[in-house]
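Hi,

Here is the structure I said I'd pass on.

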Amino acid sequence: MTILDIRTFPDPVLREKTQVVTDFGDSLKKLLDDMFETMRHAHGIGLAAPQVGVLQQVAVIDISEDQNERIDLVNPQIVEGNGKVSSEEGCLSIPEYRDSIKRRSEVVVRAQDSQGNPFELHADGLLAICLQHEIDHLNGVLFIDHLSRLKRELFRRWFKRQQASEE
Ligand code: ZN
């Protein structure tokens, strides 16, 4: 398995739309394996294909502490969302920044596995948040897009400072 490069904000690839997967062959399985390994290596709980520069509707999630409950998501879609919850999020593509945003507290997601078999996931808690976060990535949306105007301004300032300190 290969550890892939994680693209970070403001890389434009993070803003692109992704293609529906129609080929459930070996290259998809390799992509999922590599993404899972990359996520684990970075101590993340979710990773979407655009974060490794691949514009396909593919994501992996594992919210378990031992990282042994891997979920492969191919062509995932939220078909139902209920309730609202505010929680702190971070993103492997925006290292070191965390902030609280509002999301649906429960979601129903339809997706396919690596073989193309359809399945439905009813989730709440952290898994529901993570699913929404990763599916956002497949639509070019980042969690900072959900921040209030004021918090987004704070993010911009934080990001400028980060860039300045890297120079
Ligand atoms: Zn993310």
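Before the notes, one term: a pocket here is an open set of grid points where a 1.4 Å probe fits, with protein on both sides within 12 Å along at least five of seven lines, and its lining residues have an atom within 4 Å of a point. Keep in mind that this is a predicted model.

With that in hand, the second largest pocket holds about 170 Å³ of space. Its lining consists of Thr8, Phe9, Pro10, Ser93, Ile94, Pro95, Glu96, Trp158, Phe159, Gln162, Gln163 and Glu166. Helix H3 (149–166) and strand S5 (94–103) each bring at least two of the lining residues, and H3 has the largest share, with five. Sorted by class, that lining is six nonpolar, four polar and two charged residues.

The largest pocket has about 300 Å³ of space. It is lined by 19 residues, and Ile45, Gly90, Cys91, Arg98 and His133 are the closest to its centre. H2 gives the most to this lining, six residues, while strand S4 (85–91) is also there with at least two.

Now the metal. Which protein atoms are the donors of the zinc ion? They are SG of Cys91 and NE2 of both His133 and His137, at 2.1 to 2.3 Å from the zinc. In sequence the spacing reads C-x41-H-x3-H. The two histidines, His133 and His137, sit four residues apart in helix H2 (residues 125–138), about one turn of the helix. His133 counts as buried because its relative accessibility is 8%, and His137 is buried too, at 1%.

Cheers

Note on methods:
Residues are numbered from 1 along each chain as its sequence is written. This is a predicted model: local features need pLDDT of at least 70, side-chain atom pairs count only at pLDDT 80 or more; totals for chains, interfaces and linings use all residues. Side-chain values use heavy atoms; hydrogens and water are left out. Donors are N, O and S atoms within 2.8 Å of the metal (3.2 Å for Na, K and Ca); water is not among the atoms, so sites may look incomplete. Buried means under 20% relative accessible area, exposed over 50%, partly exposed in between (1.4 Å probe, protein chains only). On a 1 Å grid over the protein atoms alone, a cavity is a set of points where a 1.4 Å probe fits but cannot get out, and a pocket is an open set with protein on both sides within 12 Å along at least five of seven lines; lining residues have an atom within 4 Å of a point. Grid points are joined across faces, edges and corners, and a volume is the space filled by probe spheres set on the points. Ala, Val, Leu, Ile, Met, Phe, Trp, Tyr, Cys and Pro count as nonpolar, Asp, Glu, Lys and Arg as charged, and the others, Gly among them, as polar.
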